[in-house]
Amino acid sequence: MIMNQELIAKEIKKEILVKNFNRYFDILEKSDQEPFKNKGWCKAQLLYNSIDESNKESLKEFIKMIMIESATELLAYIDGIATFKEQEYPFELFCNDTKISGSLQEYLLMDIEDNGFE
C-alpha cells in the first residue's frame with residue numbers, strides 16, 4: 001500500500017492515539033490486577049479509583065485533548081510548519097524518495113473533526 005499524508009495521519013490516530021488511549025484506560029479499569037510496580041501507574045490507579053464515573057469521563061476527555069494536542073504539535077514540526085529555535089531549515093519527511101510531510105497535522109485534525117477520536 002502506498003502511504004500518502006492522509007493515510008499516514010489516519011494511521012497515527014489509530015495506532016498511536018486511539019490504541020494507546022484505550023490501552024491506558026483498559027489497564028486502569030482492571031483494578032483487580034496485581035498492584036503496579038511502577039510508581040506512576042500506582043498513583044494513576046489510586047487517582048482513577050478515587051473518582052466517580054462522571055469524573056472518570058471528564059478525565060478521559062482531558063487525556064484525549066492532551067494526546068491530540070501533543071501529536072499535532074509534533075506533526076507541526078515534522079510538516080515544517082514550526083521549527084526549533086536554532087533550526088536552520090524546516091524538517092521534511094520522506095518515504096521511498098517521496099515527501100510525505102507538509103499536511104500531516106492538517107489531515108490528523110480533519111480526521112478527528114470528521115470521525116471523532118475513536
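User: How far does helix α4 reach from its first C-alpha to its last, and what span is expected?

Analyst: A quick note before that: this is a predicted model, where local features need pLDDT of at least 70, side-chain atom pairs count only at pLDDT 80 or more, and totals for chains, interfaces and linings use all residues. Residues are numbered from 1 along each chain as its sequence is written, and side-chain values use heavy atoms, with hydrogens and water left out. Helices are DSSP runs (H or I, at least four residues), numbered from the N terminus. The expected span is 1.5 Å times one less than the number of residues. Helix α4 (residues 104-115) has twelve residues and reaches 16 Å, close to the 16 Å expected at 1.5 Å a residue.

User: Which residues of α4 are buried?

Analyst: Buried means under 20% relative accessible area, exposed over 50%, and partly exposed in between (1.4 Å probe, protein chains only). In α4, the buried ones are Leu 104, Gln 105, Leu 108, Asp 111 and Ile 112. They sit on the same side of α4, because they cover an arc of only 135° around the axis; that arc is taken from the directions from the helix axis to the C-beta atoms. Glu 113 and Asp 114, on the other side of α4, are exposed.

User: What separation do the C-alpha atoms of Gln 105 and Ala 9 have?

Analyst: They are separated by 7.4 Å, though the two residues are 96 apart along the chain. Ala 9 belongs to helix α1 (residues 5-29), and its 0% relative accessibility makes it buried.

User: How many aromatic pairs does the structure hold, and how do I read one?

Analyst: A pair of aromatic rings is described by the distance of the centres and the angle of the planes. Rings of Phe, Tyr and Trp (its six-membered ring) pair if their centres lie within 6.5 Å; planes under 30 degrees apart are stacked, over 60 edge-to-face, and the rest tilted. There are six pairs here. Tyr 77 and Phe 84 are stacked, because their centres are 4.2 Å apart and their planes at 15°. Phe 84 also pairs with Phe 91: with centres 6.1 Å apart and planes at 70°, that pair is edge-to-face. Phe 84 is partly exposed at 45% relative accessibility, and Phe 91 is partly exposed at 41%.

User: Which residues form one aromatic cluster?

Analyst: Phe 21, Phe 25, Tyr 48 and Phe 117 do.

User: And where does Met 65 lie?

Analyst: Met 65 lies in helix α3 (residues 53-78). With a relative accessible area of 40%, Met 65 is partly exposed.

Definitions and conventions
Helix = DSSP H or I, 4+ residues; strand = E, 2+ residues; numbered from the N terminus.
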